[in-house]
2 protein chains.
Amino acid sequence: MDLVVVGSVAYDSVETKWGKRDNALGGAATFFSVAASHFTRPGLVGVVGDDFRQEDVALMERCGVDLAGLERTAGRTFRWGGVYHDDMNGRDTIFTELNVFEAFEPKLPSAYQNAQFLFLGNIHPSLQSAVLEQVENPRFVGLDTMNLWIDISRNELVNVLERVDALFVNDEEARQLTGKYNLRDAAAAIREMGPSIAVIKRGEYGAIVFSEDDIFIMPAFLLERVVDPTGAGDTFAGGFMGHLAKTQDLTPSNLRRAAVVGSVMASFCVEGFSLDTLEGVSMDDVTRRYREFIELTSFEGLGLGE
Amino acid sequence: MDLVVVGSVAYDSVETKWGKRDNALGGAATFFSVAASHFTRPGLVGVVGDDFRQEDVALMERCGVDLAGLERTAGRTFRWGGVYHDDMNGRDTIFTELNVFEAFEPKLPSAYQNAQFLFLGNIHPSLQSAVLEQVENPRFVGLDTMNLWIDISRNELVNVLERVDALFVNDEEARQLTGKYNLRDAAAAIREMGPSIAVIKRGEYGAIVFSEDDIFIMPAFLLERVVDPTGAGDTFAGGFMGHLAKTQDLTPSNLRRAAVVGSVMASFCVEGFSLDTLEGVSMDDVTRRYREFIELTSFEGLGLGE
């Protein structure tokens, strides 16, 4: 298996100014793997309850996600409910039901244990460690986390970060983790904690990729309509890691392409609720939007020898 | 005169986490003209009191700003005082003293009346109109405004906008002016009001330039240290318009370059208080940072025919 992701598979109840969806397929591992499935066949490690719908299994399988690592157990699937503010930047969580996720002990199928690319989605850092220990000799490990774990499980997080290649966080999380406000300083502090790559996600403002000798700053797409931002960060990471797994190229210039690919996938994700748009995207759609992104952002030299 | 700017010349008292300055040279027309002076010889229309220091006249003259349009009158120079929040994004205004600005009636020297490029800095829209009427047949008119004028002088603002080529506003102002949240929609609404170009400034997140058949999205520099953001927007506009006046080229690709030049100039501006850094910048510094910006933001195609 080239690429394995561990994280939540969930039913989300989401309200935005464009509408409302109850119990729609969601979860970090779901968005990540469906995004990555455009580039490779990703394996998903997660857990769902006995209420998980067959049509949702079918959707992921149709996309080419390997579900050998998706455990089904008695109980209800993880559920999250939230309402987005009109500006789509803020949101209020209405409820979080861990359900079957509470007792989750990830076990990797043997076919996943030689994964080259591994993504540790936003779950408790101890679970992230437990998954990492089951993979023999991964070439590249990405990790996502959140303010909650930085607050309450800092030691476990710092411990797993030592063994990770790329940390994916938003600017607030980067600042909270490092105590540095300036993003250059925060990225330097992250890189001292272990990851050689810090990917700072800035939502509607794009992303910054810090690596050994390179900094790449990119804006985000300017969409006609953002319907539902849920899953955008996981979709970005899925496109990013999927592109790396497909190309097997970790050079700085390919990390830049990976970030643009991630942004392209996220731009599709937020145009609909749940996986509505992401599911139907073709490789032609991806390359077309990648090209649009070049057109939106490129500019010429000053013609003064620069 | 290729380029004329009207706006405030001020003494600013500014406090940021990096220090405090009282009665430092500032004002929209000052930042704009010093930035533009790297590309052309700009003429400044404004007013100062009899307390205006000779050393500040000397600074602007040394930069190559034409001061024939700077009126000196009895009274005190316009003063503004503010304190920036630690994140440098928000600020609290401590005081605003209009002083000699209150009775300002801009009169253009005859040498300014054939200006090709005109920038109407952020002053009352009626004053902007009065200046515009004194210029015979400008080729390109830029205008800046703010929430206050959108609130209390909307009709006058709409009136002057009909005769303007480019509106420079931040995202909040664009939304307030048009009632549209999405920036594509806001820009379309602005372009229906008169200006063929809408330049949306996003502070630390860059800028977007909307023109006839073109959208250009750019991030901003990631600086080691932002010392004082005062004047960044005016400096951006000064670099933008200065580059246009120098190159006499209004094609979309040159508007893109102008935006990057503006961002380069603004990046120097915020690295020091007042005009401390902007004043000493050389054309070599400008081209070097322009080249850095290319390095920070460029990426390659996917190699899939895109």
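How many bridges pair β12(A) with strand β13 (residues 214-218) of chain A, and in which sense? The two strands pair in the antiparallel sense over 5 bridges; strands count as paired if DSSP finds at least two bridges between them.

A word on the model before going on. It is predicted, so local features need pLDDT of at least 70, side-chain atom pairs count only at pLDDT 80 or more, and totals for chains, interfaces and linings use all residues. Residues are numbered from 1 along each chain as its sequence is written, while chains are lettered from A and ligands numbered from 1 in the order in which they are written.

Strands here are DSSP runs (E, at least two residues), numbered from the N terminus. On its other pairing, β12(A) runs antiparallel to strand β11 (residues 197-201) of chain A.

| Hairpin | Bridges | Residues between | Partners |
|---|---|---|---|
| β11(A) and β12(A) | 4 bridges | 5 residues | Val199(A) and Val209(A) |

In the turn between β11(A) and β12(A), Gly203(A) has a positive phi of about 60°.

Strand β12 (residues 207-211) of chain A is mostly covered, with 5 of its 5 residues buried (20 or more other C-beta atoms within 10 Å of a residue's own, C-beta atoms being placed from the backbone). Ala207(A), Val209(A) and Ser211(A) are buried on one side, and Ile208(A) and Phe210(A) on the other.

Key. A residue is buried if 20 or more other C-beta atoms lie within 10 Å of its own, exposed if 12 or fewer, and partly exposed in between; C-beta atoms are placed from the backbone.
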